[in-house]
Amino acid sequence: MSGLKYSKDHEWVRVEGDIGTVGISDYAQEQLGDVVYVELPEVGRTVAQNEEAAVVESVKAASEVYAPVSGEVVEANQALEDDPALVNGEPTGAGWFLKLRLSAPGELDGLMDEAAYADYVSGLGDD
Amino acid sequence: MSDDAGTDALARTPLFVEHRALGATLVPFAGYAMPVRYPAGIMAEHTHTRSAAGLFDVSHMGQVRLTGDGAAQALERLVPGDIAGLAPWAMRYTQFTNDDGGILDDLIVTRSDDGLILVVNASCKDSDIAHLERRLDAGVDLTVLGERALVALQGPKAAAVLERHAPGCAGLGFMTAGWFKAGGVDALISRSGYTGEDGFEVSLPANETAAFWRRLIAEPEVEPVGLGARDSLRLEAGLCLYGHDIDETTSPVQAGLAWSIGKRRRQEGGFPGAPRIQHELAEGPRRRRVGILPDGRAPAREGTSVLDAKDNVIGEVTSGGFGPTAGGPVAMGYVAADAAEIGRPVSLLVRGKPRPATIVKLPFVPHNYHRG
């Protein structure tokens, strides 16, 4: 299985076959703080790369979650409606947001792998 | 080591080093680098304050002393609160009003042994001081207490903790103050705060503040609390945040602050905007600040439109978020007076979708002030 690929907006995607599972990075959840609400897209909706696909809200603020790749939403993580704190606890596991059937798998080549993303985050100036 | 993003050029309170040592996330606020949260996070800081004791740095707020004969009368020409009637060491919440009856800032006034102590919002303190200097009589002296810091200890265990370090302070009644030795240092301590909980604010010399802060942090009941939880605590308590729930376009009556205008002041007037405020007291305001409880889980943030059953806009959310103690989203805002009754169903337009909500009584979490 391939590892995670990351966008500059701190989303990750894990691809298995033609399905990509999408969530936000550990860095992103740490920056947000306690997640209290997640708004997920309808199954069947088509999203373009970098289009808003979901909303994540902390105590303080609401933030958009962008699709790191284009595709059709085939599943949304309903567990987040009852337990949004999963995003904090397991951001790259049980805290996933949605699954997409990829329509342009070539977009994956433009995303960062784990090492590149770690470099990117360490360059963001927060100590 | 790099500094926190964007806070290098900001003013620092005497507790800046303590915040860094505690791992705070620092953000710009009213020109200061202030802790928005510590590693525990807003949710834990909030619930800790409601169950034990939270320690806040509020040194960015302005502290001003007015002295001289007639200081109270002079201040009454700028605020609608009853200042002349303040007993020694009593405190009062009031507002600087403008000639239109709008609010320039809200503040707490304490009658101390040598005059009046004003605590004003950080974001307004420069304009407040200019306003005071311009409008006070020549016989009233204004001193900006820039060499003093201010910390707040809030929560049901605050009195027991502070009594260990400032003996006698637990005897203070709600909204009274006095001088105490705090960690051996002369400190002006008041039984007040802005969380809805019992608690204290401690004003002490800036250069003694870090040592005092560390004494309190070392107590098992105490955790540091940042501006994030300060905001969620005051929102649940139904308390206004200047620049959001009140500003120059809102009057004290619209804001539900008529309780802070004494009977004598209502009758006599003599403060900026008195005709408008007296008219609203008599006839009712055209809009009112209310609590708004979203039915679902989605928070409604500041700026969210409030709709009636026919999707007409009848108001706007001025503060909204998640209430950790309430256990869900909470909001407050202004709605047309004829739509302001408790229990009325409304909708909130969040991300283009109307979502059901109800007008409710404030606060969302009962106040737990000291009644002794």
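Biologist: How many residues of strand β3 (residues 53-57) of chain B are buried?

Modeller: A residue counts as buried if 20 or more other C-beta atoms lie within 10 Å of its own, as exposed if 12 or fewer do, and as partly exposed in between, with C-beta atoms placed from the backbone. By that count, five of the five residues of β3(B) are buried, and the strand is mostly covered. This is a predicted model, in which local features need pLDDT of at least 70 and side-chain atom pairs count only at pLDDT 80 or more, while totals for chains, interfaces and linings use all residues. Residues are numbered from 1 along each chain as its sequence is written, and chains are lettered from A and ligands numbered from 1 in the order in which they are written.

Biologist: Which residues of β3(B) lie on each side?

Modeller: In a regular strand the side chains alternate between the two faces of the sheet. Here A53(B), L55(B) and D57(B) are buried on one side, and G54(B) and F56(B) on the other.

Biologist: Which strands pair with β3(B)?

Modeller: Strands are DSSP runs of E, at least two residues long, and helices are runs of H or I, at least four, numbered from the N terminus. Two strands pair if DSSP finds at least two bridges between them. With β13 (residues 222-224) of chain B, β3(B) pairs in the parallel sense over three bridges, and L55(B) stands opposite P224(B). With β9(B), the pairing is antiparallel and has four bridges; G54(B) has Q154(B) as its bridge partner there.

Biologist: Which residues of helix α4 (residues 125-135) of chain B are buried?

Modeller: An α-helix has 3.6 residues a turn, so residues three or four places apart point the same way. In α4(B), the buried residues are K125(B), D128(B) and L132(B). They are on the same side of α4(B) because they cover an arc of only 60° around the axis, taken from the directions from the helix axis to the C-beta atoms. A130(B), E133(B) and R134(B) are exposed on the other side. The cover over the buried residues includes β4, β5, β6, β7 and β8 of chain B.

Biologist: Where does K181(B) lie, and what does K181(B) contact?

Modeller: Two residues are in contact if their C-beta atoms lie within 7 Å. K181(B) lies in strand β10 of chain B and, leaving aside neighbours within four places in sequence, is in contact with A166(B) and D186(B). K181(B) counts as partly exposed because 14 C-beta neighbours lie inside 10 Å.

Biologist: How many residues of domain 1 of chain B are in contact with domain 2 of chain B?

Modeller: Domain bounds come from an automatic or database domain assignment. Chain B has domain 1 (16-59 + 147-236), domain 2 (62-132) and domain 3 (258-360). In domain 1, 12 residues are in contact with 10 residues of domain 2. β9, β10 and β11 of chain B each give two or more residues to the domain 1 side.
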